[in-house]
Amino acid sequence: MRKVNGESSLKLNIDDCIIRNLGTKGTNNYYGIVQTDGAVKSVIINMMNSTFANPGGINASLLRVDKADNSISVIKNCTFYNLVDRDALVRGAKGSLTVENVLFAGSNTFQIFYDDKTLPASLNWSKVYRTSDLTVSKPGSTSTTALSYSSSQLFPNASSSTDVLDLTFGADIPNEVKIIGDPRWNK
């Protein structure tokens, strides 16, 4: 959803989804899940039990709500795989943000927040993990727990097909790690 104009409020629920290849590969666009603009004053976004992978654009904030005066975002039980390093997960959440039981994976650098000026007023952050080959820059007032596994160790079949995203955990990954992120990959 991009540049939602003419509405005073927006509510978006994403549950049990796989969203991948957002944007146009190799272009400098900002297409993510939501980009508000104009008259939207209140934004509520719930993202649960979902995977977001391989965005196409080289700049892709998944949640860009910097024009909304009030925003409430909840991200629970989600896996973020191979997100781009030139933008951020969240850009401009003025209200509250809750992030719980989330896994960031990929062999790159990734920003959680675009900059310190647009951090949410209220931040609830728990059980947020990253693979050993992922670097988090600009974490704001957050921290991620580094797992002792790389992305290819966690997801040995991730690159076996270009048509199907397979982030099923490897057989040798312990159960306490398999419960992190999108539950669909714990098979």
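**Cores, bridges and cysteines in a predicted model**

The largest nonpolar core here has 29 residues. The residues with the most contacts inside that core are Ile 33, Met 47, Phe 52, Ile 75, Phe 80, Leu 89 and Phe 104. Which elements give two or more residues to it? They are strand 2 (9-15), strand 5 (42-48), strand 8 (70-81), strand 9 (88-91), strand 10 (96-105) and strand 11 (109-113). Strand 10 gives the most, with four residues. One caution before I go on: this is a predicted model. As background, nonpolar side chains in soluble globular proteins tend to be buried together.

Let's take Phe 80. What does Phe 80 touch, once its neighbours within four places in sequence are set aside? Its contacts are Met 47, Phe 52, Leu 62, Ile 75, Leu 89, Val 102, Leu 103, Phe 104 and Ala 105.

Now the aromatics. Searching the whole structure turns up six aromatic pairs. Phe 80 and Phe 104 make one of these: ring centres 5.2 Å apart, planes at 20 degrees, so the pair is stacked. That pair links distant parts of the chain. Phe 80 sits in strand 8 and Phe 104 in strand 10, 24 residues apart. Buried or exposed? Phe 80 has 1% relative accessibility, so it counts as buried. Phe 104 also comes in at 1%, and it counts as buried too.

Phe 113 and Trp 125 form another aromatic pair. This one is tilted, at 6.3 Å centre to centre with 40 degrees between the planes. It too links distant parts of the chain: Phe 113 is in strand 11, Trp 125 is in strand 12 (residues 122-130), and they are 12 residues apart. Phe 113 is buried, at 1% relative accessibility. There is also an aromatic cluster, made of Phe 52, Phe 80, Phe 104 and Phe 110.

Next, the charges. How many salt bridges does a search of the whole structure find? Two. Arg 184 bridges to Asp 16, with the closest N and O atoms 3.3 Å apart. This bridge spans distant parts of the chain, 168 residues apart. Arg 184 is in the segment after helix 2 (175-178), while Asp 16 is in the loop between strand 2 and strand 3 (18-20). Arg 184 also meets Asp 182 in a salt bridge, at 2.7 Å from N to O. Put together, Asp 16, Asp 182 and Arg 184 are linked in a network of salt bridges.

How accessible are these three residues? Asp 16 is exposed, at 54% relative accessibility. Arg 184 is partly exposed, at 24%. Asp 182 is buried, at 1%.

Where is Thr 79 found? In strand 8. Thr 79 is buried, its relative accessible area being 1%. Leaving out residues up to four places away in sequence, Thr 79 touches Ser 50, Thr 51, Phe 52, Leu 103, Leu 167, Gly 181, Asp 182 and Trp 185.

Cysteines next. A disulfide is a covalent bond between the sulfur atoms of two cysteines. The search of the whole structure finds zero disulfides. Cys 17 is in none, and the nearest cysteine sulfur, that of Cys 78, is 9.4 Å away. A disulfide needs the two sulfur atoms within 2.5 Å. Cys 17 counts as partly exposed, at 27% relative accessibility. Cys 78 is buried, at 0%.

Asn 101 lies in strand 10. At 11% relative accessibility, Asn 101 counts as buried, whereas Asp 16 counts as exposed at 54%.

Note on methods. Residues numbered from 1 in each chain as written. Predicted model: local features only at pLDDT ≥ 70, side-chain atom pairs only at ≥ 80, totals over all residues. Heavy atoms only, no water. Core = buried A, V, L, I, M, F, W, Y, C linked by side-chain atoms within 4.5 Å. Buried < 20%, exposed > 50% of the residue type's maximum accessible area, 1.4 Å probe, protein only. Contact = heavy atoms within 4.5 Å. Salt bridge = Lys/Arg side-chain N within 4 Å of Asp/Glu carboxyl O. Phe/Tyr/Trp six-rings, centres within 6.5 Å; stacked < 30°, edge-to-face > 60°.
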